Amino acid sequence: MKCLNCNSIDIGKIGKQQYFCWNCCIEITVNGEKLDLFQVEKDGTVSSLNDLFFEEIHSKNHQHDFVKVIE
Ligand SMILES: [Zn+2]
């Protein structure tokens, strides 16, 4: 599994369906077929990155492959 943002493989599992990239501090939540991406700031603020990522993921059909890799 690689980070969608930086392609790092330094991904930690932080919950049942939650992953965290230690390289760029992106939190990835698996929601069935859907992924939610969040940027975690140093002060703990979390902001959604879905707007930045999902259009590109859909167009390249990467989301489905990504979910399969996790499973
Ligand atoms: Zn990353």
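What you're looking at is a predicted model, where local features need pLDDT of at least 70, side-chain atom pairs count only at pLDDT 80 or more, and totals for chains, interfaces and linings use all residues. Residues are numbered from 1 along each chain as its sequence is written.

Start by selecting N7. Its phi is near 65°, a positive value in a residue other than glycine. N7 is exposed, with 10 other C-beta atoms within 10 Å. You'll find N7 in the segment before β1 (11-15); strands here are DSSP runs (E, at least two residues), numbered from the N terminus.

Next, jump to C25, in the loop between β2 (18-21) and β3. Phi is positive here too, near 60°, and C25 isn't a glycine either. C25 is partly exposed, with 15 other C-beta atoms within 10 Å.

Now pick residues 26-31 and 34-40, which are β3 and β4: they run antiparallel, joined by six bridges. (Two strands pair if DSSP finds at least two bridges between them.) Click I26 and look across to its bridge partner in β4, Q39. Two residues sit between the strands of this hairpin, and G32 in the turn has a positive phi of about 65°.

Stay on Q39 and look for S47 in β5, which stands opposite. Strand β5 (residues 46-48) pairs with β4 over three bridges, in the antiparallel sense. Last stop: G44, with a positive phi near 95°, in the hairpin of β4 and β5, which has five residues between the strands.

Conventions:
Helices (H or I, at least four residues) and strands (E, at least two) are DSSP runs, numbered from the N terminus. A residue is buried if 20 or more other C-beta atoms lie within 10 Å of its own, exposed if 12 or fewer, and partly exposed in between; C-beta atoms are placed from the backbone.
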